[in-house]
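Please work through each task before reading on.

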Amino acid sequence: MIAPDRKSASDLLQAMVEESRRMVAFTGAGISTESGIPDFRSPGGLWTKNRPIEFSDFIRSKEMRDEAWRRKFAMEDSFRNAKPGRGHRALASLLQRGKLSAVITQNIDNLHQVSGIPSNRVIELHGNGSYATCLDCGNRYELEWVKERFDKSNGSAPDCADCAGPVKSATISFGQAMPEEPMRLAEIETLAADLFISIGSSLVVWPAAGFPLRAKRNGAKLVILNREPTDLDDAADLVIREDIGDVLEVFLDS
Ligand code: NAD
Ligand code: ZN
């Protein structure tokens, strides 16, 4: 059912949370718009400005690597200054109360961890944009290391200092293989949940969008909280088309 208004949405959701013994949240870019990080698909979102760079193009072309880092540094201030919003904080308090088992996230902004959720309870399906790695040897590089070289060379993406491999933000691009361990953990959490709530995701990016369906088919209750309709709304027990922070703030510690 679609919640008729915000008050009923909060009431229905609270009742489901009370009843649940093991809840999992699945989050997308929409939970971070309140923190000033634009999503992909809202009007004015990143998608409408720049099509994402495919993994194969990043590997193949030096110009694309330069462009990827140019875009990354252009966005960096809004990421670095972002603070967790009400949605992030509500999930942190549900975890502290022992209600929430894990957050499976498509986000790369590190805000669930900043809100106080331990790293081993945040399953990052699309990596983390707060550092970089060499795609060949796996060396980790801090963004400052990349920035310094990028600036000194007039915007040329640096290669790995050890093996000369391509250095990429530690995020998963379109066309790049999904990370094995997070996928495995996400599956375990999904199948153990009795309540699965998708928050701020358009649910069009696969295979990530498969998790809400898996949970539902496995017998969990499915809630979709997103201000726009999604393709999976018909499968959900409860659809809430409201602002995330407004709905979730009932779960904040008073
Ligand atoms: P998306 O942009 O496709 O969808 C976000 C959805 O959230 C939209 O349907 C929008 O209507 C909704 N939304 C935005 N703000 C909202 C609010 N305050 N209340 C209620 N709904 C709101 O995002 P996605 O499904 O996560 O897929 C985008 C991909 O891009 C992901 O794979 C992710 O890795 C990446 N991404 C990440 C970030 C981030 O880390 N914050 C930002 C942009 C994109
Ligand atoms: Zn290397």
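**Exercise 1.** Which residues in helix 8 meet which residues in helix 9?

Solution. In this predicted model, the residues from helix 8 are Met183, Ala186, Glu187, Thr190 and Leu191, and they meet Phe211, Arg214 and Ala215 in helix 9. Sorted by class, this contact of helix 8 with helix 9 holds five nonpolar residues, one polar residue and two charged residues. As for the geometry, the two helices pack at an angle of about 35°, their axes lying 9 Å apart, and the crossing of helix 8 with helix 9 is right-handed.

**Exercise 2.** Determine why the buried residues of helix 8 line one face of the helix.

Solution. Begin with the residues that are buried in helix 8, namely Pro182, Ala186, Glu189 and Thr190. Viewed down the axis of helix 8, these buried residues fall within an arc of 100°, and therefore they line one face of the helix. An α-helix has 3.6 residues a turn, so residues three or four places apart point the same way. Finally, the buried residues of helix 8 pack against strand 1, strand 2, strand 3, strand 7 and helix 9.

**Exercise 3.** Describe the packing of helix 4 and helix 7.

Solution. The angle between helix 4 (residues 62-80) and helix 7 (residues 143-152) is about 115°, with the axes 11 Å apart, and their crossing is left-handed. On the side of helix 4, the residues in contact are Asp66, Trp69, Arg70, Lys72, Phe73 and Glu76, which meet Leu143, Val146, Lys147 and Phe150 in helix 7. The residues of this contact divide into five nonpolar and five charged, with no polar ones.

Notes: Residues are numbered from 1 along each chain as its sequence is written. Chains are lettered from A and ligands numbered from 1 in the order in which they are written. This is a predicted model: local features need pLDDT of at least 70, side-chain atom pairs count only at pLDDT 80 or more; totals for chains, interfaces and linings use all residues. Side-chain values use heavy atoms; hydrogens and water are left out. Axes are lines fitted to C-alpha atoms, for helices over the stretch in contact, and angles run from 0 to 180 degrees between N-to-C directions. Helices (H or I, at least four residues) and strands (E, at least two) are DSSP runs, numbered from the N terminus. A crossing is left-handed if the near helix is turned anticlockwise from the far one by less than a right angle, and right-handed if clockwise. Contact means heavy atoms within 4.5 Å. Ala, Val, Leu, Ile, Met, Phe, Trp, Tyr, Cys and Pro count as nonpolar, Asp, Glu, Lys and Arg as charged, and the others, Gly among them, as polar. Buried means under 20% relative accessible area, exposed over 50%, partly exposed in between (1.4 Å probe, protein chains only). The arc is that of the directions from the helix axis to the C-beta atoms.
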